[in-house]
Amino acid sequence: MKKISIIIFLFCSIKATAQQDINALLAKAKATIESVNDYKATGRMKTNVAFLKVPIANVSVFFKKPNKLKVKSEKGISFIPKGAVSINLTNLTGINKFTVIDAGTDKIAGKIVRVAKLLPTDDNSDVVLSTVYIDEATSLIKKAKTTTKDNGTYELEMTYGKYASFGLPDKIIFSFNAKDYKLPKGITFDFDDGTAPPATDKLKGRKGRAEITFSNYVINKGVEDVLFK
Amino acid sequence: MWSLLQIELYKISKRPRTYIAFIAIAGIVLIIQAAFKADPGYLNILLQNVGDTFEVDKGKVINGYFMCYMILNTLLIQVPILVALVAGDAISGEANMGTLRLLLTKPISRAKIIGVKFFASIIYTVALLVFMAILALFLSMAIFGTNDLLVFRAKDTESQILQIMQDDVMWRYLAAFAYAAVALTVIAALALFLSVFAENSIGPIVATVCIVIVCTIISNLNIPIIDKNVRPWLFTSYLVGWKGFFYIAIDADNVPIKGSMENWPAIRNSLLILLAHIGVLFGGAVWFFKRKDILT
């Protein structure tokens, strides 16, 4: 009986330590991100959605604490995925509003990462579940998967480079659910050139993808509020 | 030849019905421009639920290039009717007024007379298109500014939004207007052909309008058996071929290729079919006119 009590005690202690670790890891990741008060970044955005044939856009990204974020096209018309607001990692790591569950480890690009599941404590939150994949060595969030009530699941993959010390990625791949697009019949009087529409198997399932490759960040130098309007 | 053409153009310019088309086009274009300036809500019909997934600056979407595309989309279905007003009057109008016999007493061949009348109809058609370009394109550019062009397209069961960079748009409009000139010349040739058989203008004008309307409806029925067996034989199926210049090709990554067209051979073939129609209709008009017994 005594032995069993010791085993149960040890097991509970190990679990508690693991839980503490993931919280500490998240807190560390959050601290890195929170060292950035604001930034301006330029980059190139490639949007890949089956019905949308749009060129690669040069974009500017503006961020200001606590959660102001704006993606603007420098020239021309741009289709900015609405969930791209998740690029604001502060939202993902607002651990005070979430219950954190340690979900063990996973592999991203051959590297082992820690997985944390964040369950919002607020019943009215649009987010149902967030899963973040953290590189333990650098305390950087490599991937985040967010399931929402209304807009399906978003996925964010980050690649870090020279701005890693600020927790800012060089490249973001944002995957999202794009709703089906159908024009009302007879509205366009289209020219039928006799060809079948191109096969779009790889894009099917209404999955959309946006890739932003950042070329330059200006960090903590101030960003005017007018840019977020 | 030149003096004959001048006389024909003078006659066209003196007919009040000539200006109906210009007034109608100006009216429609200005109403569309004013409506879009006041309320860009139509864009929501085109964008559908895209706004749920993406942030789109609608102010940038409604620009001069987009407006011109919208106006051409609306007007180029109706302009054939306006072309018929003048071309359908070419021979029958003379017959109605009793001047045809007098005209043919002059030492000019019948082929030359009908050729000049056809050429004058083409000049009228081109003038109409230039007028439309000034109002629909250049005035829209002045009112709404310029930006990238979004083309909304339904292709079989799929719908697409194509984005053309603004520095890649103007040549497409030049090509589209040139194509439209050829397409409308088919209507002029048809109206002239029917005009040869009539003694008054109403008959060939109404007949041309009816043929265009019936064929346009059949062309747009979207019934597979008709699409496959009937549609390719109707000239109205090729009138909207100008849109082909705006169907930009895309690369393997789904990104539009600047300066490209998705299917140039289809546009070229449509042009050749339209030119063949012009040849057959004008040739038929000359052939029948040369053999026509002129009684008035």
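Of the 296 residues in chain B, 41% are buried, a residue being buried if 20 or more other C-beta atoms, placed from the backbone, lie within 10 Å of its own, exposed if 12 or fewer do, and partly exposed in between. The model is predicted: local features need pLDDT of at least 70 and side-chain atom pairs count only at pLDDT 80 or more, while totals for chains, interfaces and linings use all residues. Residues are numbered from 1 along each chain as its sequence is written, and chains are lettered from A and ligands numbered from 1 in the order in which they are written.

Chain B has 14 helices and 3 strands, taken as DSSP runs (H or I over at least four residues for helices, E over at least two for strands) and numbered from the N terminus. Its radius of gyration is 21 Å, close to the 19 Å of the globule rule for 296 residues, so chain B is as compact as a globular protein of that length. The radius is taken over C-alpha atoms, and the rule is 2.2 Å times the number of residues to the power 0.38. Along the principal axes, the C-alpha atoms of chain B fill a box of roughly 70 × 40 × 30 Å.

Beyond its neighbours within four places in sequence, Val83(B) is in contact with Thr125(B), Leu128(B), Leu184(B), Ile187(B), Ala188(B) and Ala191(B); contact requires C-beta atoms, placed from the backbone, within 7 Å.

Leu76(B) sits in the loop between α6 (64-75) and α7 (79-87) of chain B. Leu76(B) counts as buried because it has 21 C-beta neighbours inside 10 Å. Outside four places in sequence, its contacts are Ala180(B) and Leu239(B).

The contact between the chains takes 43 residues from chain B and 31 residues from chain A. On the side of chain B, β3(B) contributes the largest share, 6 residues. Strand β5 (residues 79-81) of chain A is joined to β1(B) by 3 bridges, and the two run antiparallel; strands pair if DSSP finds at least two bridges between them. Within this pairing, Phe54(B) of β1(B) is the bridge partner of Pro81(A).

Terms used
Contact = placed C-beta atoms within 7 Å.
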